[in-house]
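Visitor: I am new to this structure. Please take one part and show it to me closely.

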Amino acid sequence: MDRTVRTVEDVLALLDKVFASESEAGRLATGDGKDFWDRFYADRSKPVPFFVAKPDENLAAHLDQGLIAPGRALDLGCGAGRNALFLASRGFEVDAVDLSAVAVAWGEDRAREVGVDVRFLRGDAFALPATELSGPYDLVVDSGCFHHLPPHRRVSYLSLLDRVMAPGGHLALTSFAAGEGGMGSELADADLYRERELQGGLAYTPESLRWIFSDLVEVELRRMREEPPESALFGVPFLWTALFRRDAASATSGDIHPVHDLA
């Protein structure tokens with residue numbers, strides 16, 4: 001008889017196994033999801049939209065509009081590093097982390113090819129020691145990591161942001177959009193545990209994103225703009241793009257500030 005739960009992290013690890021048990025069937029899992037993502041990135045020639053070496057259009061727009069400025073950046077779930085390389089080329093000091101060693105190796109190859117300096121890390125961002133993801137980061141970029149997390153790992157995600165984001169720092173988030181023209185599962189959180197799978201990723205509404213990140217100040221929340229194939233930027237309309245800011249005062253006082261709808 002096992003009695004393994006003593007801490008919050010024990011509970012989260014136990015819930016991870018609800019989804020990890022499905023990984024043998026080829027479904028997206030967490031916990032042992034590394035194997036899934038290693039297979040996913042193994043063939044670099046696959047016609048996957050975000051395999052292109054282009055940065056997200058919203059990230060480029062944030063810089064061009066002066067909403068964010070060069071500093072220290074963390075790319076969560078960096079994949080093959082397209083956003084990390086872009087930020088490094090624009091003057092950021094970039095750490096980029098991904099669960100998949102295959103994706104990280106591809107990102108390192110791309111960095112050498114274009115001659116930019118990115119510090120790539122292979123591992124679970126929630127489990128890496130503070131010496132590896134030390135912060136503080138002026139910008140945290142997430143283009144497709146958050147919507148692959150099971151609901152209970154939002155707790156870990158928010159805790160990580162709280163630890164590594166600098167006062168006044170920003171979160172640039174891209175996630176599956178619910179509703180017409182969107183993508184991802186719209187099952188309620190509780191139903192995901194009943195079904196025991198993430199169905200390829202979770203869709204979010206603007207209201208759900210605002211609620212989850214209500215400790216941050218909303219700067220912008222909109223659909224990603226579609227970019228044509230010849231564009232130097234990546235853009236598909238089935239994603240939300242959001243920019244949130246950590247208020248300098250709330251970083252110490254714990255106050256929650258209202259958000260403003262710029263969508």
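Predicted model: local features only at pLDDT ≥ 70, side-chain atom pairs only at ≥ 80, totals over all residues.

As background, strands of a sheet pair through backbone hydrogen bonds, in a parallel or an antiparallel way.

Now follow the order of the sheet. Start with strand 3 and strand 2. Strand 2 takes in residues 93–98. Strand 2 and strand 3 pair in the parallel sense, with five bridges. V94 has V118 of strand 3 as its bridge partner.

Next come strand 1 and strand 4. Strand 1 pairs with strand 4 in the parallel sense over four bridges. Here A73 has its bridge partner, L139, in strand 4. Six of the seven residues of strand 4 are buried, so strand 4 is largely enclosed by the rest of the structure.

Strand 4 also pairs with strand 5. This pairing is parallel and has six bridges. Y137 stands opposite M165 of strand 5. D142 has L173 of strand 5 as its bridge partner.

Strand 5 and strand 7 run antiparallel, joined by seven bridges. L171 has its bridge partner in strand 7, and that partner is F244.

Go back to strand 4 and strand 5 for a moment. Together with helix 6, they make a right-handed β-α-β unit. Helix 6 spans residues 153–164 and has 12 residues. From its first C-alpha to its last, helix 6 reaches 17 Å. That is close to the 16 Å expected at 1.5 Å a residue.

Which residues of helix 6 are buried? They are R153, R154, S156, Y157, L160, L161 and V164. Those residues cover an arc of only 155 degrees around the axis, which puts them on the same side of helix 6. They pack against strand 1 (72–76), strand 4 (137–143) and strand 5 (165–176), among other elements. Helices are on the list too, including helix 1 (8–20), helix 7 (189–195) and helix 8 (206–212).

Helix 5 has 14 residues, which should span 20 Å at 1.5 Å a residue. Its end C-alpha atoms are 20 Å apart, which agrees.

The buried residues of helix 5 are A103, V104, W106, G107, R110 and A111. Their arc around the axis is only 160 degrees, which puts them on the same side of helix 5. What covers them includes helix 2 (34–42) and helix 4 (82–89). Strand 2 and strand 3 are also part of that cover. The face of helix 5 turned away from its buried side carries R112 and E113, both exposed.

One last stop is the loop between strand 6 and strand 7. A232 is found there. Is A232 buried or exposed? A232 has 60% relative accessibility, and exposed means over 50%, so A232 counts as exposed. Leaving aside its neighbours within four places in sequence, A232 is in contact with K54 and P55. A232 and F36 are 196 residues apart along the chain, and their C-alpha atoms are separated by 29 Å.

Note on methods:
Residues numbered from 1 in each chain as written. Heavy atoms only, no water. Helix = DSSP H or I, 4+ residues; strand = E, 2+ residues; numbered from the N terminus. Expected span 1.5 Å × (residues − 1). Buried < 20%, exposed > 50% of the residue type's maximum accessible area, 1.4 Å probe, protein only. Arc of directions from axis to C-beta. Contact = heavy atoms within 4.5 Å. Pairing = 2+ DSSP bridges. Right-handed = clockwise from strand over helix to strand, strands pointing away.
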